[in-house]
Amino acid sequence: MVVDSTDGVLDGFVRVAHRIVWCTLATVDGRGRPRSRVVHPVWERTSDGLTGWVYTRPASPKIAHLRRTPYVSCSYWDPQQEVAVAECAADVTDDPAVREHVWALATGLPEPLGFDPRIMGVTDVTDPGVVILRLTPWRLATGGAVWRRSTAA
């Protein structure tokens, strides 16, 4: 079933993603091959849909991949066969206001979804040892329903 409105798909996606917490994030490397790794996104409802936030290292392979192909696929799965998938445009942001916002978001949520970013070895919100990856979905799927952004990224 494909829907073009929220119809609960965004809320359903966030419910699954925040319960499972860790997802497989796939990028495309410089040779056009898929590359997957496990990451810990935090998703936030916004006025235009949904935004995901991921802390990462500035020199990580995913950052190099995104310079060439700025898209990712995020997949959540659990043993009860509940699945949530987000296909997203991805960009790195180092804006100080965004860094403050995402730090507060990550530290303000209960564990295991919430966490202290200092576990990555950084000292504070301004530490250049991490950057923030912003995920902007153009397609979400969960519970048999699909949501597509009306103006695809």
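I sorted the lining of the largest pocket by class and got eight nonpolar, two polar and two charged residues. The model I am reading is a predicted one.

**Entry 1, the pocket.** I looked up the volume next. The largest pocket holds about 180 Å³ of space. I then listed its lining: Trp22, Val38, Val39, His40, Val54, Tyr55, Thr56, Arg57, Lys62, Phe115, Ile119 and Met120. Two elements give two or more residues to this lining, strand 3 (34–39) and strand 5 (49–56). Which strand gives the most? Strand 5 does, with three residues.

I found one cavity of 30 Å³ or more. The volume of the largest cavity is about 50 Å³. I noted the residues around it: His40, Pro41, Val42, Trp53, Val54, Tyr55, Val102, Leu105, Ala106 and Phe115. At least two of the lining residues come from strand 5, and at least two from helix 3 (96–108). By class, I have nine nonpolar residues, one polar and no charged ones. I checked the names against the pocket. His40, Val54, Tyr55 and Phe115 are among the residues lining the largest pocket, and they also line the largest cavity.

Is arginine 149 buried or exposed? Its relative accessibility is 13%, so it counts as buried, the cut-off being under 20%. I looked for its contacts beyond four places in sequence. Arginine 149 touches Asp48, Leu50, Thr136, Pro137 and Trp138. Arginine 149 and glycine 49 are 100 residues apart along the chain, yet their C-alpha atoms are separated by 8.1 Å.

I went back towards the start of the chain. Helix 1 covers residues 9–20, twelve in number. From first C-alpha to last, helix 1 reaches 16 Å, close to the 16 Å expected at 1.5 Å a residue. Which residues of helix 1 are buried? I listed Val9, Leu10, Gly12, Phe13, Val14, Val16, Ala17 and Ile20. An α-helix has 3.6 residues a turn, so residues three or four places apart point the same way. I checked what follows the helix. Just after helix 1, valine 21 takes a positive phi of about 75°.

Terms used:
Residues are numbered from 1 along each chain as its sequence is written. This is a predicted model: local features need pLDDT of at least 70, side-chain atom pairs count only at pLDDT 80 or more; totals for chains, interfaces and linings use all residues. Side-chain values use heavy atoms; hydrogens and water are left out. On a 1 Å grid over the protein atoms alone, a cavity is a set of points where a 1.4 Å probe fits but cannot get out, and a pocket is an open set with protein on both sides within 12 Å along at least five of seven lines; lining residues have an atom within 4 Å of a point. Grid points are joined across faces, edges and corners, and a volume is the space filled by probe spheres set on the points. Helices (H or I, at least four residues) and strands (E, at least two) are DSSP runs, numbered from the N terminus. Ala, Val, Leu, Ile, Met, Phe, Trp, Tyr, Cys and Pro count as nonpolar, Asp, Glu, Lys and Arg as charged, and the others, Gly among them, as polar. Buried means under 20% relative accessible area, exposed over 50%, partly exposed in between (1.4 Å probe, protein chains only). Contact means heavy atoms within 4.5 Å. The expected span of a helix is 1.5 Å times one less than its number of residues.
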